Amino acid sequence: MMELLVEAERYLSHGLLDHAERLFRQVADADPRSSIAAVGLARVALERDDDATAYAFARRALAIDPENPAAHHLVLRLEEVVGGRGGTLPSDVEIARITRSSQAPTAPPPPSAPSPSGPTASSAAPHAAKAVPTPSARRPGAPARRPGLLGRFFDRRRHR
């Protein structure tokens, strides 16, 4: 599981949101009590400027693990930001609906790497056929690397 979470973090840091979401969902489906996966899904939603879904997953992570500092910070910061804009956050019923309805995978599967030809194809390591994302697969305008785990989240004004 940790390998999937690390890979999802890497995809997220490079702006490959569909791939990151797919991996975070895979972990969340395998372990519904994973607050790290729920925080990851909240961060993917935040990158897509979907504050309601981000708040729902952050609240879910906080319900799973009340001591999770990332979930706690996301919830508080989203309440502050959305409240400052005069917006409303989802209710508990809406949060349950959002987190339940979004468990169905919406991201397309990653592109598969071309299979190697020749007699060594069957003896190749399983990770050797893993597709490596190309810069062209990045979200338009996404920076190459983000400053820190929640770098964009802390200063949302500069990205609006």
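1. A residue is called buried when its relative accessible area is under 20%, exposed when it is over 50%, and partly exposed in between, with a 1.4 Å probe and protein chains only. By this rule, the buried residues of α2 are L17, H19, A20, E21, L23, F24, R25, V27 and A28.

2. The note concerns a predicted model, in which local features need pLDDT of at least 70 and side-chain atom pairs count only at pLDDT 80 or more, while totals for chains, interfaces and linings use all residues. Residues are numbered from 1 along each chain as its sequence is written, and side-chain values use heavy atoms, with hydrogens and water left out.

3. The chain contains seven helices and zero strands; helices (H or I, at least four residues) and strands (E, at least two) are DSSP runs, numbered from the N terminus. Of its 160 residues, 39% count as buried. The accessible surface of the chain is about 9,300 Å², and 58% of this belongs to carbon and sulfur atoms; such areas come from the Shrake-Rupley method with a 1.4 Å probe, and for residues only the protein chains shown count as cover.

4. Contact here means heavy atoms within 4.5 Å. Among contacts in the chain between residues at least 6 apart in sequence, 62% join residues at least 24 apart.

5. Helix α1 (residues 2-13) has twelve residues and reaches 16 Å from its first C-alpha to its last, close to the expected 16 Å; the expected span is 1.5 Å times one less than the number of residues. Its buried residues are L5, E7, A8, Y11 and L12. Seen down the axis of α1, these fall within an arc of 165 degrees, so they line one face of the helix; the arc is that of the directions from the helix axis to the C-beta atoms. The face turned away from the buried side carries the exposed residues M2, E3 and V6. Cover for the buried residues of α1 includes α2 (17-30) and α3. After α1 comes G15, whose phi is positive, near 80 degrees.

6. Helix α2 has 14 residues, which should span 20 Å, and its end C-alpha atoms are 20 Å apart, in agreement. The buried residues of α2 pack against α1, α3 and α4. One of them, F24, is in contact with L5, A8, E9, L12, I36, A37, G40, L41 and V44, leaving aside neighbours within four places in sequence.

7. A nonpolar core is a set of buried Ala, Val, Leu, Ile, Met, Phe, Trp, Tyr and Cys residues joined through side-chain atoms within 4.5 Å. The largest one has 33 residues, and those with the most contacts inside it are L12, A20, F24, V39, V44 and L74. Helices α1, α2, α3, α4, α5 (69-84) and α6 (92-101) each supply at least two residues of this core, and the largest share, eight residues, comes from α3. In soluble globular proteins, nonpolar side chains tend to be buried together.

8. Two loop residues deserve attention. D49 lies between α3 (35-47) and α4 (51-64); its phi is near 60 degrees, a positive value in a residue other than glycine. At 41% relative accessibility, D49 counts as partly exposed. N68, in the loop between α4 and α5, counts as buried at 9% relative accessibility. The side chain of N68 reaches the backbone nitrogen of A70 at 3.0 Å, and a polar atom of that side chain lies 3.2 Å from the backbone nitrogen of A71. Not counting residues up to four places away in sequence, N68 touches S35, I36, V39 and L62.

Note on methods: A polar contact is a pair of N or O atoms within 3.5 Å; within protein, one must be able to donate a hydrogen and the other to accept it, and residues adjacent in sequence count only if both atoms are side-chain atoms.
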